[in-house]
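Work through the exercises below with the model open. Try each task before reading its solution.

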Amino acid sequence: MNTSWTKEKLIEFEDKIKDRWNNAEIPYYIHLSGGNEEQLIEIFKEINQKDYVCSTHRSHYHYLLKGGSPDKLEKMILDGRSMHVIDKDLNFISTAIVSGGPAIATGIALGLKKKNRDSHVWCFIGDAAEDEGHFYEAVRYVDGHDLPCTFILEDNNRSVE
């Protein structure tokens, strides 16, 4: 979506946030992105401005690649909203609930289909959420009702599972 982001720029943004955390400027727990920059850049080339993105507690890269402002994101992070970044203007929503995004994405996709909208939903989940029943229920519903939704399972090699 936002083609100006490179792997290096994304890492630089997260390093800046990590430094602010290490300097005790952020009193809240945060989840940093990392390890899959190149793959995400390729996926976001397919995502249109009118499309919806549902993300996880680790949403910084998704938000930036969807076109979100790095300054606005940094402010959200400093305000304690790192794990639930929402920007209605960008059709962007994230949730810190493990595997909570697939149900939200499914509902948005159902609404788009019922309203005959020419938009698509892209739902990112982590490798731990893939084990949850909520994910499988959402995939089966999307598939069974031919909804405009794609699930992307991210494995950035950082899971504890």
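## Exercise 1: A glycine in a helix

Gly-133 counts as partly exposed, because its relative accessibility is 39%. The model is a predicted one.

**Task.** Find which helix Gly-133 lies in, and what separation its C-alpha atom has from that of His-57.

**Solution.**
- Step 1. Gly-133 belongs to helix H6.
- Step 2. Helix H6 covers residues 133–144 and packs on the sheet, where it touches E4 and E5.
- Step 3. The direction of H6 makes about 150° with that of E5.
- Step 4. Gly-133 and His-57 are 76 residues apart along the chain, and 18 Å separates their C-alpha atoms.

## Exercise 2: The sheet

**Task.** Give the order of the five strands in the open sheet. Then work out which strands stand at the edges.

**Solution.**
- Step 1. The order is E2-E3-E1-E4-E5, and the pairing is mixed.
- Step 2. Strands E2 (86–87) and E5 (149–154) each have a single partner strand, so one side of each lacks a neighbour in the sheet. These two stand at the edges.
- Step 3. Recall the general rule: strands of a sheet pair through backbone hydrogen bonds, either parallel or antiparallel.
- Step 4. Take E2 with strand E3 (residues 92–94): the sense is antiparallel, over two bridges. Ile-86 stands opposite Ile-93 in E3.
- Step 5. Take E1 with E3: the sense is parallel, over three bridges. Here Val-53 faces Phe-92 in E3.
- Step 6. Take E1 with E4: the sense is parallel, over three bridges. Tyr-52 has Val-121 in E4 as its bridge partner.

## Exercise 3: Two helices in contact

**Task.** Describe how helix H1 and helix H2 pack: at what angle, and with their axes how far apart?

**Solution.**
- Step 1. H1 spans residues 7–22 and H2 spans residues 37–44. They pack at an angle of about 115°, with axes 9 Å apart.
- Step 2. The crossing of H1 past H2 is right-handed.
- Step 3. On the H1 side, the contact uses Lys-7, Leu-10 and Ile-11. On the H2 side, it uses Glu-37, Glu-38 and Ile-41.
- Step 4. Sorted by class, this contact of H1 with H2 has three nonpolar, no polar and three charged residues.
- Step 5. H2 also lies across strand E1 (52–55), E4 and E5, and runs at about 165° to E4.

## Exercise 4: The setting of Ile-17

**Task.** Decide: is Ile-17 buried or exposed? Then list its contacts beyond its neighbours within four places in sequence.

**Solution.**
- Step 1. Ile-17 sits in helix H1.
- Step 2. Its relative accessibility is 0%, so Ile-17 counts as buried.
- Step 3. With those sequence neighbours left aside, Ile-17 is in contact with Ile-26, Ile-30, Leu-32, Glu-74 and Ile-77.
- Step 4. Take Leu-32 from that list. Ile-17 and Leu-32 are 15 residues apart along the chain, and their C-alpha atoms are separated by 8.2 Å.

## Exercise 5: Aromatic pairs

**Task.** State how many aromatic pairs the structure holds. Then classify Trp-21 with Tyr-29, and Phe-44 with Phe-124.

**Solution.**
- Step 1. The structure holds five aromatic pairs.
- Step 2. Trp-21 and Tyr-29 lie 6.3 Å apart, centre to centre, with 90° between the planes. That pair is edge-to-face.
- Step 3. Trp-21 is partly exposed at 34% relative accessible area. Tyr-29 counts as exposed, because its relative accessibility is 55%.
- Step 4. Phe-44 and Phe-124 lie 5.4 Å apart, centre to centre, with 5° between the planes. Planes under 30 degrees apart count as stacked, and this pair is stacked.
- Step 5. Phe-44 is in helix H2 and Phe-124 is in strand E4 (residues 121–126), so the pair ties together parts 80 residues apart in sequence.
- Step 6. Phe-44 and Phe-124 are both buried.
- Step 7. Phe-135, Tyr-136 and Phe-151 form one aromatic cluster.

## Exercise 6: Positive phi

**Task.** Compare Asn-91 with Asp-146. Where is each placed?

**Solution.**
- Step 1. Most residues other than glycine have a negative phi.
- Step 2. Asn-91 has a positive phi of about 55°. Its place is the loop between E2 and E3.
- Step 3. Asp-146 has a positive phi near 50°. Asp-146 is in the loop between H6 and E5.
- Step 4. Asn-91 counts as buried at 19% relative accessibility, whereas Asp-146 is exposed at 61%.

Methods:
Residues are numbered from 1 along each chain as its sequence is written. This is a predicted model: local features need pLDDT of at least 70, side-chain atom pairs count only at pLDDT 80 or more; totals for chains, interfaces and linings use all residues. Side-chain values use heavy atoms; hydrogens and water are left out. Axes are lines fitted to C-alpha atoms, for helices over the stretch in contact, and angles run from 0 to 180 degrees between N-to-C directions. Helices (H or I, at least four residues) and strands (E, at least two) are DSSP runs, numbered from the N terminus. A crossing is left-handed if the near helix is turned anticlockwise from the far one by less than a right angle, and right-handed if clockwise. Contact means heavy atoms within 4.5 Å. Ala, Val, Leu, Ile, Met, Phe, Trp, Tyr, Cys and Pro count as nonpolar, Asp, Glu, Lys and Arg as charged, and the others, Gly among them, as polar. Rings of Phe, Tyr and Trp (its six-membered ring) pair if their centres lie within 6.5 Å; planes under 30 degrees apart count as stacked, over 60 as edge-to-face and the rest as tilted. Buried means under 20% relative accessible area, exposed over 50%, partly exposed in between (1.4 Å probe, protein chains only). Two strands pair if DSSP finds at least two bridges between them.
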